[in-house]
Amino acid sequence: MNTKDTDHTSPTRSANANSQASSQAHRPRMMLHPGPFNPVRIQSRHSASGRHVRLTLVPGLSLFDAIVKPLIEIGIKNASTTILGGYFDYLEYCVAPPDPSHQAMIAYSKPIQAGRAYMIFGNATLGKNQHGHPIVHCHAAIRTESGAVKGGHIITDTCIVGSSPISVLVTSLDGFELRVTFDPETNIPLLQPQAESPNE
């Protein structure tokens, strides 16, 4: 009796309910950073020149050392790189779930040990930390020995390149630098383009 009443006496109500359900199912997720809104969404710098370099990650080195040392030796302190894929004897990474303290949108998790793994593809950015020392910020997709495909923020100083060299395509960022600085909108430190610090 109740089912019959619903189906035939309230078609408008039923249509509205369906419309609301459909709207909620496709509603994009709204993310609001905790700090003041910055209307300039993309911070950018222009370089009049740059270099493209093919780098080979040396087996046995950490991912950090395998990228930083050879590039600094040829005068590259800031760069965007593409890691073409290869085996690592050890990999660990972290992910960025919502910040439980609500001080920011995200907070890095504790390192997740993947052990021996294959990096399918990675993008690593060479820049400077708050103190002017080199930093490598790397995101990558990996496949573990069990066949699981994972992805996240790679801990570059603890990941060890496997027995075979790995190719990396490098584009130098000349004429400016990428430096970790506090971002008031997201309330976390971020790599941002800035004028060069010639004494570092």
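Is E185 buried or exposed? At 9% relative accessibility, E185 is buried (under 20% relative accessible area, with exposed meaning over 50% and partly exposed in between, for a 1.4 Å probe and protein chains only). The model is predicted, so local features need pLDDT of at least 70 and side-chain atom pairs pLDDT 80 or more, whereas totals for chains, interfaces and linings use all residues. Residues are numbered from 1 along each chain as its sequence is written, and side-chain values use heavy atoms, without hydrogens and water.

E185 meets R41 in a salt bridge, at 3.2 Å from N to O (a side-chain nitrogen of Lys or Arg within 4 Å of a carboxyl oxygen of Asp or Glu). Because R41 lies in the loop between helix 2 and strand 1, and E185 in the loop between strand 9 and strand 10, the pair ties together parts 144 residues apart in sequence. Helices (H or I, at least four residues) and strands (E, at least two) are DSSP runs, numbered from the N terminus. R41, at 52%, is exposed.

The structure holds five salt bridges. Another of them joins E177 to K128, with the closest N and O atoms 2.9 Å apart. E177 belongs to strand 9 and K128 to strand 4, so this pair connects parts 49 residues apart in sequence. Both E177 and K128 are buried.

R116 also forms a salt bridge with E145, at 3.8 Å between the closest N and O atoms. R116 is in strand 4, and E145 is in the loop between strand 5 and strand 6. R116 is partly exposed at 37%, while E145 is exposed at 64%. D89, R116 and E145 are linked in a salt-bridge network.
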